[in-house]
Amino acid sequence: SNSKIAAIIIIICLCAFAAVFGPATAGMMKILRNYTLERHSFILTDFKEAFSKNYKKSFVLGLLDLIIAVSIGSAVYVYPKLSEAYGNQLLMIPFIISISIALVVIMMNYYAFLMIVATDISFKNIIKNSLALACVALKKNLITLLSTSVIIAIFIILILINLNFILFLPFVPASILAFIICFNSYPIIQKYVINPFYEQRGEINPELIISENDNEVLFEDKGGKEKPIEKKKKSKKGKIIS
């Protein structure tokens with residue numbers, strides 16, 4: 001029947017989305033990390049490389065994100081309904097816990113995908129470091145959360161005013177939000193994860209070193225060193241044609 005065909009198509013689309021969500025996010029973060037470091041980025045090449053190179057870790061992380069999102073979304077919807085139906089305000093406690101977990105997971109994601117594309121640490125340590133940075137850099141994370149929330153709210157208002165704005169959803173808001181997250185969060189990763197690694201080895205993080213090519217002078221001002229052009233004396237002899 002048509003309903004079964006529709007259900008199969010939906011399941012296939014959901015599976016495809018789950019398969020590419022994490023790796024695609026990693027690819028995007030690789031490009032935005034380069035922009036944050038003020039480096040040139042070949043968008044298609046860098047995206048493809050980050051997608052394939054970090055597929056395993058980013059796929060698992062993306063899948064966990066989707067599972068947590070569905071679970072928390074269900075909890076946020078169900079617990080207020082149950083509290084109202086049974087007249088038991090205690091059921092709002094798991095609702096508050098669900099909201100708190102959602103905020104922590106969101107702030108962990110500020111760092112998890114960036115660490116996947118910027119480091120070679122294990123998946124377990126990525127989760128561990130993400131949780132630590134979500135707490136250590138709480139002030140910065142709240143600023144990021146507030147900034148992104150304002151942009152999301154503005155975009156929702158624009159969609160309510162004119163539904164055509166929904167066509168920009170896959171492009172404009174996602175890229176702006178991801179860049180804000182990367183710009184605010186990557187320096188924290190450098191400070192607490194990458195820099196200590198190099199300091200233990202007695203080295204300096206290469207990302208902090210400006211390459212000689214960046215300082216290469218293309219044009220040099222030699223004002224005052226010019227010499228007057230001497231006019232050649234015209235020869236009185238005619239030209240000789242051989």
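## Notebook: a helical model, looked up piece by piece

I began at glutamate 38, which sits in the loop between α1 and α2 (43-53). Helices here are DSSP runs of H or I with at least four residues, strands are runs of E with at least two, and both are numbered from the N terminus. I am working with a predicted model, where local features need pLDDT of at least 70, side-chain atom pairs count only at pLDDT 80 or more, and totals for chains, interfaces and linings use all residues. Residues are numbered from 1 along each chain as its sequence is written, and side-chain values use heavy atoms, with hydrogens and water left out.

**Entry: glutamate 38.** I looked up the backbone angle. Glutamate 38 is not a glycine, yet its phi is positive, about 60°. Most residues other than glycine have a negative phi. I then checked exposure, where buried means under 20% relative accessible area, exposed means over 50%, and partly exposed lies in between (1.4 Å probe, protein chains only). Glutamate 38 counts as exposed because its relative accessible area is 75%.

**Entry: the overall fold.** I counted seven helices and zero strands. Along the sequence the pattern reads α-α-α-α-α-α-α. The protein has 242 residues, and 29% of them count as buried. I took contact to mean heavy atoms within 4.5 Å. Of the contacts with a separation of 6 or more, 64% join residues 24 or more positions apart. The accessible surface comes to about 17700 Å², and 68% of it belongs to carbon and sulfur atoms. Those areas come from the Shrake-Rupley method with a 1.4 Å probe; for residues, only the protein chains shown count as cover.

Entry: Rolling a probe the size of a water molecule over the atoms shows where empty space is left. A pocket is an open set of points on a 1 Å grid over the protein atoms alone, where a 1.4 Å probe fits, with protein on both sides within 12 Å along at least five of seven lines; lining residues have an atom within 4 Å of a point. Grid points are joined across faces, edges and corners, and a volume is the space filled by probe spheres set on the points.

I found about 1200 Å³ of space in the largest pocket. It is lined by 35 residues, and the closest to its centre are Phe21, Thr25, Met28, Leu177 and Ile181. Which helices each supply at least two residues of this lining? They are α1 (2-36), α3 (55-86), α4 (92-118), α6 (138-161) and α7 (172-200). I sorted the lining by class: 29 nonpolar, five polar and one charged. Nonpolar covers Ala, Val, Leu, Ile, Met, Phe, Trp, Tyr, Cys and Pro; charged covers Asp, Glu, Lys and Arg; the others, Gly among them, are polar.

**Entry: the second largest pocket.** I read a volume of about 290 Å³ for this one. Its lining has 14 residues, with Ala118, Thr119, Ile194, Phe197 and Tyr198 the closest to the centre. Helix α7 gives the most to this lining, four residues. By class I noted seven nonpolar, three polar and four charged.

**Entry: threonine 144.** I went to helix α6 for this residue. Is threonine 144 buried or exposed? It counts as buried, because its relative accessibility is 0%. Beyond its neighbours within four places in sequence, threonine 144 is in contact with Tyr110, Ile180, Ile181 and Asn184.

**Entry: salt bridges.** A salt bridge needs a side-chain nitrogen of Lys or Arg within 4 Å of a carboxyl oxygen of Asp or Glu. I found two in the structure. One joins the side chains of glutamate 207 and arginine 33, at 2.6 Å from N to O. The pair links distant parts of the chain: glutamate 207 is in the segment after α7, arginine 33 is in helix α1, and they are 174 residues apart. Both glutamate 207 and arginine 33 are buried.

Glutamate 203 and arginine 201 also meet through their side chains, at 3.8 Å from N to O. Glutamate 203 is partly exposed, at 38% relative accessible area. Arginine 201 is partly exposed too, at 49%.

Entry: I placed leucine 44 in helix α2. It counts as exposed, at 74% relative accessibility. Leucine 44 and glycine 27 are 17 residues apart in sequence, and their C-alpha atoms are 9.3 Å apart. Valine 172 is in helix α7. Its relative accessible area is 38%, so it is partly exposed. From valine 172 to phenylalanine 155, 17 residues away along the chain, the C-alpha separation is 9.7 Å.
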